[in-house]
Amino acid sequence: MSEIVYIVKMTAAEGRRDEALAVLGKLVASTEDEPGTLQYAMHADDADGDVIWFYERYEDKAAFDAHLSSAAMAEAIGSLGGMLAGAPELRQVEVTHRKGGL
């Protein structure tokens with residue numbers, strides 16, 4: 001399997017996390033219609049009030065590339081202006097053990 005997995009850290013500008021969560025929530029909802037997007041979860045960090053984490057699983061690189069070039073991604077990027085303290089930190093990781101399906 002050529003599965004692709006990313007963990008992404010986004011830091012909201014001070015006091016803007018709720019706004020960013022609202023914008024990004026629409027992006028998460030849009031992934032329901034993305035073939036090849038296996039899992040796409042957004043998390044608010046309990047220890048740092050400005051940090052948002054994503055866990056993303058894709059069937060393959062083509063599915064990841066399709067997600068990046070989607071209209072929903074373009075809309076989210078356009079709507080996040082001023083809401084982030086910097087560029088997202090993207091880490092590709094390898095699943096070595098897993099509970100459950102897929």
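How do the residues of the lining of the largest pocket divide into nonpolar, polar and charged? They divide into 15 nonpolar, one polar and one charged; Ala, Val, Leu, Ile, Met, Phe, Trp, Tyr, Cys and Pro count as nonpolar, Asp, Glu, Lys and Arg as charged, and the others, Gly among them, as polar.

The model is predicted: local features need pLDDT of at least 70, side-chain atom pairs count only at pLDDT 80 or more, and totals for chains, interfaces and linings use all residues. Residues are numbered from 1 along each chain as its sequence is written, and side-chain values use heavy atoms, with hydrogens and water left out.

Val8, Met10, Leu27, Met73 and Pro88 lie nearest the centre of the largest pocket. A pocket here is an open set of points on a 1 Å grid over the protein atoms alone, where a 1.4 Å probe fits, with protein on both sides within 12 Å along at least five of seven lines; lining residues have an atom within 4 Å of a point.

The count of salt bridges comes to four, each a side-chain nitrogen of Lys or Arg within 4 Å of a carboxyl oxygen of Asp or Glu. Three of them are listed below.

| Pair | N to O distance |
|---|---|
| Arg57 and Glu3 | 3.0 Å |
| Glu3 and Arg98 | 3.3 Å |
| Glu19 and Arg16 | 2.9 Å |

Arg57 is buried at 6% relative accessible area, and Glu3 is buried at 18%, whereas Arg98 is partly exposed at 37% (buried is under 20%, exposed over 50%, partly exposed in between, with a 1.4 Å probe and protein chains only).
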